[in-house]
Amino acid sequence: MNLFSLSIPFFIIVATGMMEASASGSESAGIAFFESNIRPVLVKHCYECHSGETGKSKGGLRVDSRQALLRGGDSGPLLVPGDPEDSLLLIAIRHEDEDYAMPPKQALPEEAIADFERWILIGAPGPAENAVPDASPDTPIDVEQGREFWAYRPVIRREAPESRDAAWNAHVIDRWIHREHEEHGLEPAPEASPEILIRRLFFVLTGLPPSPETIRAWIPRLETKPAEGLGELVDFLLGSDRFGEHWGRHWLDVARFAESTGGDSNNLYQHAWRYRNYVIDCFNADKPFDRFLREQIAGDLLPIESDAEWAENLVATGFLALGVKLVGEEDGRMFAAEVVDEQIDTVTRAFLASTVACARCHDHKTDPVPQSDYYALAAIFRNTSTHFGLIRAQARQFTPLLDVSDLGLEPGNRTADEATLAALTEERESAWREMEEVMAKIRSGEHVNRSTLRRSRTARDKTEAALQAFDAEGKARVFVMGVQDRDLPLETRLLHRGELDRPGAVVEPGFVQVMSPPGHDRIGKFATLSGRRELADWMADPRHPLTARVLANRIWTWLMGRGLVTTPDDFGATGESPSHPELLDHLAIRVVENGWSVKRTIREIVLTRTWRQDSGFDETNFARDPDNRYLWRANPRRLEAEAIRDAMLTVSGNLVAVRPRGSLLEVAGEGAVGKSVFAPEIRAIETDHRAIFLPRVRDVMPELLELFDSPDGSTVTGQREVTTMPLQALYLMNSDFVREQAESFADRVMGQPPSERLDFAHLAAFGRPATEAERASAREFGRAFREGTPEASGEPGPEFERERWIAYCHALLCTAEFRRLE
């Protein structure tokens, strides 16, 4: 139980300043008062749960020194020296909050409380803690030599070699690619057909298949004016709102987006959906990536022109709040350290493709990153307050959300009428009365089952949260996950072996040395308290050796199915080196020259001869380059799980293209999975909206997404795994969802003239008309289906015809070609 976590969920945090008051009397007299009147009470009543002697620090709190009391626990400092009324310690020992009273079973005598009041009033004097060693461990890492590694060298512009083949000489990208073809004796594949290019473009840029009508409309343009027609189609798709939904999903993989904490007590993030929508909107608006980066790292610290802009920037900082959290952790210091570690790991992997978090306990084993660099970043994030919400009855570690009501963001809820508010109020009051009855039984000595206590607390907090979602007039309030700077700075020390009880030298906030110009990796005094804005500026600097390279490689990976660096989240020594280093640098330069525009960079790549290649197999080329490292053909690949599902909804005509309001997870309520929210309820949430809007709860993913390798957001994922297993085929054959889409698909097919039905079905499913062999197979399928039905002896009726088409369309949805991109 967190004795000093006094915040109520969904209240905006109000930080308490801590100012030293001058002590009355001499310092020695004050220390003597502490030793004779304060410490004995703490030893008798508090050390058992909050001291180094017992190894316990419930609620992240220790009380065995003045410094520990000043640090406080999960809710911040316990003492405001000189101000007893604003000191959380006094609130606790007075039992002003009966749920979190200290000591929990019986209040202190009045004279002891008076001693604490006097002690705080005179400045809370006490003896100093033992001095902390300042020595840092020696590091054998030669940072200067480390700068010679390819990823840490400056990006360099090089002249692309001329190609003797005119078809491969028009574009700089093609010239770099074709040089490798020639050097490795590879014959590049011919250009893909218009049908293949149309389907490829639609799926790669929007994650959806083209309709038969769209295919028929675009084929003549690509046949008569290939270059112009392809450019027009690219522009059309980049301008579609469906682009942001698909490419936003790519970034959400990198941002390890999920709607729950995961970990030991999987609590739901009911407000994570705002970050998801923010990402979609950014990709649709083609927000410059350097701005996109700055907003996610330090949006709350950027200059603004309106309240709405500030609120959106706070939503962007949700990037730092969305990670896995072990909210069942009792030790608040350990929890805080884990949050910081997760933030360092995510930021450096997502933007820099670097595993800096591996230097938490020692120097990095393979990259030139000393342990001091890790703690230089930790000094930044330790001075950042992370707001992720949760209800206190379901998690030992929780924080308030940020209230941005009336600042221009659309509410997730609709307005509550008077009757609804009255019902919510009555539910809240009833839950509080029940909680008071349970606590009265406990205080009287009556045994109360722990499950009863937990249920009562959960009901109290859930009803409180439901009511807090509206103001007194029923208007929906707006809360967001995000971060803000702490009000007062925290000192950061290097931890030997990463252990909290082995602090070493003080580390100033700063950056990774090997990625910085010599002498410019530490800044002792930041313009902002935490230094997050300076960190964002450092990463977004066009001269940074990694940021533009990493982004260029991610764009190439998402377009081509394989990166120039095939480990997109690790550009270090344990990752792969680039197959085309000069091309990677060229793309990084073009990213910056294009104003960090993702859409412009995409357009340059997809209009190349390289991207337009067919994916056909060639035995000679395969023998020389089996992994297609040098791109002698397009990479055939399976569609992402979301694209498979959305394609089924599209061909069936059931896809709802508009964005849903708020989160579909809202119906599940607040709390932890398995305690107050249950996995079957979450998995039962269905919608005909795109898969990006489905609930994304860690360890409780929708079945189709889980089977087809969609990540659950536990780690940064720049490229998904692709598995093949029997359960995938069984799902496609037996799933109610797939059967329902097949029925609607069949109805669409039957709406076509009989002579056009087969081609319509194949165009919708595969992006091409049926071949002669497939026509013969379809006729044989019809005969076999008729022979297997009771109507085989007579003329088939409309219902028989519909069932036949349902079975045929179901078979198309189950084929490898349907979920494969050529």
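Is cysteine 46 buried or exposed, and what is its relative accessible area? Cysteine 46 is buried, at a relative accessible area of 6%. Keep in mind that this is a predicted model.

**Cysteines**
- The disulfide count comes to 0.
- Cysteine 46 is in no disulfide, and the nearest cysteine sulfur, that of cysteine 49, sits 8.7 Å away.
- A disulfide needs two cysteine sulfurs within 2.5 Å, so cysteine 358 is too far for a bond, with its closest cysteine sulfur, in cysteine 361, at 9.8 Å.
- Cysteine 358 is partly exposed, with a relative accessible area of 40%.

**Helix α7**
- Helix α7 covers residues 194-206, and its 13 residues should span 18 Å at 1.5 Å a residue.
- The end C-alpha atoms of α7 are 18 Å apart, which agrees with that expectation.
- Because 11 of its 13 residues are buried, α7 is largely enclosed by the rest of the structure.
- Among the buried residues of α7 are Leu197, Ile198, Phe202 and Phe203, and the list also includes Arg199 and Arg200.

**Aspartate 625**
- You'll find aspartate 625 in the loop between α22 (619-624) and β9 (637-638).
- Aspartate 625 is buried but has no salt bridge.
- Leaving aside residues up to four places away in sequence, aspartate 625 touches Leu186, Tyr630, Leu631 and Trp632.

Conventions
Residues numbered from 1 in each chain as written. Predicted model: local features only at pLDDT ≥ 70, side-chain atom pairs only at ≥ 80, totals over all residues. Heavy atoms only, no water. Helix = DSSP H or I, 4+ residues; strand = E, 2+ residues; numbered from the N terminus. Buried < 20%, exposed > 50% of the residue type's maximum accessible area, 1.4 Å probe, protein only. Lys, Arg positive; Asp, Glu negative; His and termini not counted. Salt bridge = Lys/Arg side-chain N within 4 Å of Asp/Glu carboxyl O. Contact = heavy atoms within 4.5 Å. Expected span 1.5 Å × (residues − 1).
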